[in-house]
Amino acid sequence: MTRLGFQPKAGSKKIPVAAKPYIRLAHALWKACHRNGVIQDGSRQALRSFVRNRTGVDDPDFLTFDQANPIIDTLKAMEARAK
């Protein structure tokens, strides 16, 4: 294809954003806790472990609202303690 003049564009390898707003909130709170120094590892894998330990669900993207609500409350409390 490049012989014919096709110029490939550099793609970004961003992780897709969750479609559910409460999942995006959990990700944002996790990153905020990391920026504030509450948690040492702000990676997506660390958030998965955090969620798995508390709910048994392997990925925060698969949480229902009722399952995500205690996680969000916990992250909010962790963030508030840092201030």
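Contact here means that heavy atoms lie within 4.5 Å of each other, and the model shown in these views is a predicted one.

**View 1. Met 78 and its contacts from elsewhere in the chain.** When the neighbours within four places in sequence are left aside, Met 78 is in contact with Cys 33, Val 38, Ile 39 and Phe 50. Both Met 78 and Phe 50 are also among the residues that touch the most other members of the largest nonpolar core.

**View 2. The largest nonpolar core, with its 19 residues.** Within this core, the residues that touch the most other members are Trp 30, Phe 50, Leu 63, Ile 72, Leu 75 and Met 78. Two or more residues of the core come from each of the elements α1, α2 (44-55) and α3 (65-82), and α1 gives the most, with six residues.

**View 3. Ile 23 in helix α1.** Helix α1 spans residues 21-35 and holds Ile 23, which counts as buried because its relative accessible area is 1%, under the 20% cut-off. Not counting residues up to four places away in sequence, Ile 23 touches Ala 18, Pro 60, Asp 61 and Leu 63. Ile 23 and Asp 59 are 36 residues apart in sequence, while their C-alpha atoms are 10 Å apart in space.

**View 4. A nonpolar patch on the surface, formed by Met 1, Leu 4 and Phe 6.** Together these three residues have about 410 Å² of accessible area. Met 1 is placed in the segment before α1, and Met 1 is classed as exposed because its relative accessible area is 68%, over the 50% cut-off.

Terms used:
Residues are numbered from 1 along each chain as its sequence is written. This is a predicted model: local features need pLDDT of at least 70, side-chain atom pairs count only at pLDDT 80 or more; totals for chains, interfaces and linings use all residues. Side-chain values use heavy atoms; hydrogens and water are left out. Helices (H or I, at least four residues) and strands (E, at least two) are DSSP runs, numbered from the N terminus. Buried means under 20% relative accessible area, exposed over 50%, partly exposed in between (1.4 Å probe, protein chains only). Patches are made of residues with over 30% relative accessible area and no salt bridge: like charges are joined within 9 Å, nonpolar side chains (Val, Leu, Ile, Met, Phe, Trp, Tyr) within 5 Å. Accessible areas come from the Shrake-Rupley method with a 1.4 Å probe; for residues, only the protein chains shown count as cover. A salt bridge is a side-chain nitrogen of Lys or Arg within 4 Å of a carboxyl oxygen of Asp or Glu. A nonpolar core is a set of buried Ala, Val, Leu, Ile, Met, Phe, Trp, Tyr and Cys residues joined through side-chain atoms within 4.5 Å.
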